[in-house]
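Here is a friendly briefing to read with the model open beside you.

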Amino acid sequence: MRQSLILLFTLVTQALQAQDVTHVERPLDYVNVLMGTQSVHLLSNGNTYPAIARPWGMNFWSPQTGKMGDGWMYTYTADKIRGFKQTHQPSPWMNDYGQFALMPITGRRTFDENERASWFSHKAEVAQPHYYSVYLADYDVTTELTPTQRAARFRFTFPKTDSAYVVVDAFDKGSYVKVVPGENKIVGYTTRNSGGVPDNFKNYFVIVFDRPFANVGTFADSVLVDDRLEIQADHVGTIVGFQIGDRGEQVEAKVASSFISIEQAELNLREIGNKDFETIKQEGADQWNAELGKVSVAGGTIDQVRTFYSCLYRTILFPRMFYEYDADGNVIHYSPYNGKVLPGYMFTDTGFWDTFRALFPFLNLVYPEMNRQMQEGLVNAYKEGGWLPEWASPGYRNIMVGNNSASVVADAYIKGLRGYDIEKLYEGLLKGANNAGPITAVGRAGAEYYTTLGYVPYDVKINENAARTLEYAYDDFAIYQLAKALGRPADEIALYRERSFNYRKLFDKETGLMRGKNKDGNFQRPFNPFKWGDAFTEGNSWHYSWSVFQDVEGLAQLMGGHAAFVQKLDSVFSLPPVFDHSYYGFTIHEIREMQIANMGQYAHGNQPIQHMIYLYNYAGAPWKAQHWVRETMERMYLPTPDGYCGDEDNGQTSAWYVFSALGFYPVTPATDEYVLGAPLFKKATIQLADGKTIEIQAPNNGKENRYIRSAKFNGQEYGKNYLTHSELVKGALLQFDMGDEPNLTRGTKPGDFPFSLSLNEER
C-alpha cells in the first residue's frame with residue numbers, strides 16, 4: 001500500500017511538473033534572482049549575485065556572505081550574512097566599487113565583519129528583483145529592503161531589547177562618516193574601487209532613520225569610540241542604537257547615494273520622498289512586471305518559464321545607469337573618465353566582448369529607447385575620455401580583447417536608433433580601429449601590424465593575437481556597414497570592406513582551423529588546436545575558428561564547402577572534451593565548465609562559441625541548429641542556483657537563452673538579420689516600443705517536437721533560415737509547425753541562407 005501511494009505521489013508530481021504554463025499574469029513571480037549564485041572561483045554556475053534593484057538601476061543591493069573585498073559577495077552555499085551591501089559589481093572578476101553596507105545586530109556591539117555575521121537559511125529568505133527579506137538567526141531580526149534606481153528603503157524588525165543596533169560600514173581603502181543625531185541621519189562616503197576611476201572618485205551616501213538614536217559610536221579601523229560623531233580613516237563606520245520596547249517593533253531607514261556629492265545624495269532621496277516601504281515595494285514590482293512583460297511566453301513547462309524570466313531579468317540589469325538628476329531635474333553625471341560633473345547620460349558596467357553578441361541586439365529589438373540613451377552615454381564617454389570604452393567599470397578597464405564598440409554602435413544605428421550624435425561615435429570608431437589605446441583593452445592592441453599585415457602576429461609579444469585579428473576583422477565589417485549607412489566616402493567604405501576579409505589570413509588549410517601566424521607569414525609552430533589561450537582568448541582554435549560572423553559562407557568555402565563545413569560543425573560535438581591548459585598553468589574555470597558539460601568541445605559557458613550552433617543554417621542543415629539549440633537550452637540552463645553553465649556575464653549568456661527560446665538569434669550584429677533556431681514555447685509575444693507586436697506561435701511544440709516542419713510569416717509560407725529586423729518591427733506573426741523528425745528539405749537552398757559578406761551583402 002505504501003509503495004503504491006509513493007508511486008501515485010511520484011506520478012502526480014511528475015504530471016504537475018510536466019503541465020504547461022498557459023498564462024503568465026506576473027512575470028516577476030517566475031524570476032529566481034538566486035539562479036547562478038552557487039559558484040566558486042574554479043567552477044562558475046553563473047557567478048551571479050542576487051541583484052535587488054530596479055531595471056538598469058544605478059545602485060544594486062545584495063546580501064553579503066563574502067568578506068569585504070571578495071568578488072564572490074554572495075554564494076548560495078554560504079550560511080552566514082555579514083551585511084546588506086550597496087553594490088555596483090558587474091562580475092566577481094571585475095569586483096566592486098563604491099560599496100558600503102548596513103547590518104542590524106542585537107546584544108553586544110560589534111562592527112567586525114566576522115563577529116557580526118549571522119546564521120541564516122534560504123528557508124527564511126525571500127529574494128526577488130524588487131524586494132529582499134531574510135531572518136538573521138543570531139539576532140532574532142528580520143531585515144527587508146526594497147530599492148529605487150538610486151535609493152532604497154530598509155525595514156528592520158527587532159525583538160524587545162535595549163541593545164538594538166544598526167552598523168553602517170563604509171568599508172576600507174579610504175572612507176568617511178558623520179552622524180547627525182538631531183536629524184536621525186548618517187552621511188559619508190566610500191572610495192573603495194577596483195580600478196577604472198579618477199583620483200577624486202567617491203560614492204557619497206546618506207541614511208535617514210525614522211526614529212532617534214539611543215546611542216552613537218563610530219569606528220576607525222579596529223577602534224570603536226562612543227559619542228564621536230565624525231571620522232575619516234582607511235576603514236570607518238558607525239554603530240547607532242535604538243530602544244525597542246516591544247517584540248516586532250520596526251526601525252526603518254531611507255538610503256540614497258551619489259557619485260557627485262552628499263548634497264546630490266540628499267536630492268536622490270527624492271525617489272523615496274514620503275512613500276512608505278510597501279509603496280516603494282509595489283512600485284518596484286510594477287516596474288519589473290512592465291519591463292519583463294514586454295515579452296510574454298506561454299505553453300512551456302514551469303521550469304522553462306522560470307528560466308526564461310530569470311534570464312530576461314539578467315538582460316535588463318546591465319549596463320547600469322551612471323547618471324543622476326540635479327535640483328532642476330536635468331540629467332547629469334560624474335564622469336568616470338575625467339572626474340568632472342557634466343550634463344547628459346552615462347552608463348557603465350558592461351564588457352562589449354561579451355555583450356555585443358546578443359545583449360545589445362536584444363535591447364535594440366525590445367528596449368530601443370534604453371539603448372538610445374546608452375548610445376548618448378557612449379558619445380559622452382568618448383568626449384570625456386578620448387576613446388570609446390570596451391570594458392567599462394565604471395571607466396576604462398584593461399581586460400579582454402577586440403574593439404567591439406564598433407558592433408555596439410553600428411548595430412544600434414542599423415536597427416533604426418536615432419537622436420544622438422552618430423557622427424561623433426563614428427569618429428570614435430575610426431580612432432579605435434586604427435590606433436592602439438592608452439591601455440591594451442582600449443583601441444586596438446597591435447593596430448600597427450593589423451593595418452599593414454592584415455593580422456596581429458603571433459611572435460610580436462601581443463597575447464591572444466589570433467582572437468584579436470578575428471574580432472578586428474568583424475569590427476571592421478561593423479564599421480563598413482555603418483559607413484555605408486552614413487554615406488561616407490567610397491574609398492573609406494572600400495577600405496573597411498576589404499579589411500572585413502582579414503579572417504582569411506589566419507585560416508590554416510592543413511588543419512582546417514584558425515591559427516596564429518608569425519610576422520614573416522608562417523603559421524606558428526607547434527600548433528595544438530585544443531590549447532586554450534595563447535593565440536586565443538579564453539578558448540581554443542575549435543572555439544574561435546567560427547568567429548567569422550560577417551562571412552560564414554566565406555568560412556565554409558575555406559573549410560571545403562557546405563558538406564565539409566557541416567561535418568566540421570558536427571565535430572565540435574563529437575570530439576572529446578580534451579584540453580591543453582599550459583598557457584595558463586592551471587585549469588581555468590572556463591575549461592572545467594566545458595569539460596563537465598558532456599557536449600564535446602562545445603563550450604557554451606563562454607562567449608566565443610555561443611553563436612556557432614546557428615551556423616548550420618548557412619550550409620543547408622538548419623535542422624541540426626534546431627536540435628542543438630534545444631539541446632543547449634535544456635541541458636545548460638536551469639532556474640536554480642547552479643542554473644548556468646559558466647559566467648552569466650552582464651546579460652549575454654541570458655540574452656542567448658531569451659533569443660533562442662523565441663526562436664531566432666543575432667549571429668551578425670550590424671546587419672538587419674536574425675538567424676532561425678526553433679522556438680521553445682507554444683506561444684510568445686514581443687511588445688514593441690511603438691505598440692506593435694511580434695507574435696510567435698508553435699502550438700504543437702514540445703519536448704520531442706523540436707524541429708521546424710514548416711513556417712509562415714504573416715500568413716505566407718516561409719522557407720528562409722533568417723528573419724529581418726526591418727520586417728519584424730512592422731509587426732509580425734510567425735507560425736511554426738513543429739515535429740519530432742527534421743524536415744530535410746526546408747531551408748536547404750542557397751537563397752534561404754542568412755547574410756554572408758562574400759555572397760549577398762546588398763540584401
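Glu369 forms a salt bridge with Arg372, and their closest N and O atoms are 2.9 Å apart; a salt bridge here is a side-chain nitrogen of Lys or Arg within 4 Å of a carboxyl oxygen of Asp or Glu. Please keep in mind that this is a predicted model, in which local features need pLDDT of at least 70 and side-chain atom pairs count only at pLDDT 80 or more, while totals for chains, interfaces and linings use all residues. Residues are numbered from 1 along each chain as its sequence is written, and side-chain values use heavy atoms, with hydrogens and water left out.

- Helices (H or I, at least four residues) and strands (E, at least two) are DSSP runs, numbered from the N terminus.
- Glu369 is partly exposed, with a relative accessible area of 43%, whereas Arg372 is buried at 18%. The classes are buried for under 20% relative accessible area, exposed for over 50%, and partly exposed in between, using a 1.4 Å probe and protein chains only.
- H8 covers residues 368–385, 18 residues in total, and reaches 25 Å from its first C-alpha to its last, close to the 26 Å expected at 1.5 Å a residue. That expected span is 1.5 Å times one less than the number of residues.
- Of the 18 residues of H8, 14 are buried, so the helix is largely enclosed by the rest of the structure.
- Gly386 follows H8 and has a positive phi, near 90°.

**Other salt bridges**

- By the same rule the count comes to 43 salt bridges.
- Lys531 and Asp534 form one of them, with the closest N and O atoms 3.4 Å apart. Lys531 is partly exposed, at a relative accessible area of 23%, while Asp534 counts as buried at 14%.
- Lys749 and Asp752 also meet through their side chains in a salt bridge, at 3.6 Å from N to O. Here Lys749 is exposed, with a relative accessible area of 52%, and Asp752 is buried, at 7%.
- A network is present too: salt bridges that share partners join Glu631, Glu634, Arg635, Lys703 and Arg706.

**The open sheet**

- Nine strands make an open sheet in the order E7-E8-E9-E10-E19-E14-E13-E12-E17, with antiparallel pairing. Two strands pair if DSSP finds at least two bridges between them.
- Strand E7 (125–128) and strand E17 (230–233) stand at the edges with a single partner strand each, so one side of each is left without a neighbour in the sheet.
- On average, neighbouring strands of this sheet are turned by 15° against each other, direction ignored.
- Strand E8 (residues 131–136) pairs with strand E9 (residues 141–147) in the antiparallel sense over 5 bridges. Within this pairing, Tyr135 has Thr142 in E9 as its bridge partner.
- Helix H4 (residues 277–292) packs on the sheet and touches E8, E9, strand E10 (151–157) and strand E19 (250–258); the direction of H4 makes about 50° with that of E9. Contact means heavy atoms within 4.5 Å, and axes are lines fitted to C-alpha atoms, for helices over the stretch in contact, with angles from 0 to 180 degrees between N-to-C directions.

**The loop at Pro181**

- Pro181 lies in the loop between strand E12 (175–180) and strand E13 (185–190), and it is partly exposed, with a relative accessible area of 37%.
- Leaving aside residues up to four places away in sequence, Pro181 touches Phe213 and Leu229.
- Pro181 and Leu229 are 48 residues apart in sequence and 8.6 Å apart in space, C-alpha to C-alpha.

**Helix H17**

- In helix H17 (residues 589–596), the residues His589, Glu590, Ile591, Glu593 and Met594 are buried.
- Helix H14 (541–544) is included in what covers the buried residues of H17.
- Asn598 follows H17 and has a positive phi, near 60°.

**Cysteines**

- The structure holds 0 disulfides, a disulfide being a pair of cysteine sulfur atoms within 2.5 Å.
- The sulfur of Cys311 has its closest cysteine sulfur in Cys645, 10.0 Å away, which is too far for a bond.
- Cys311 is buried, with a relative accessible area of 0%, and Cys645 is buried at 12%.
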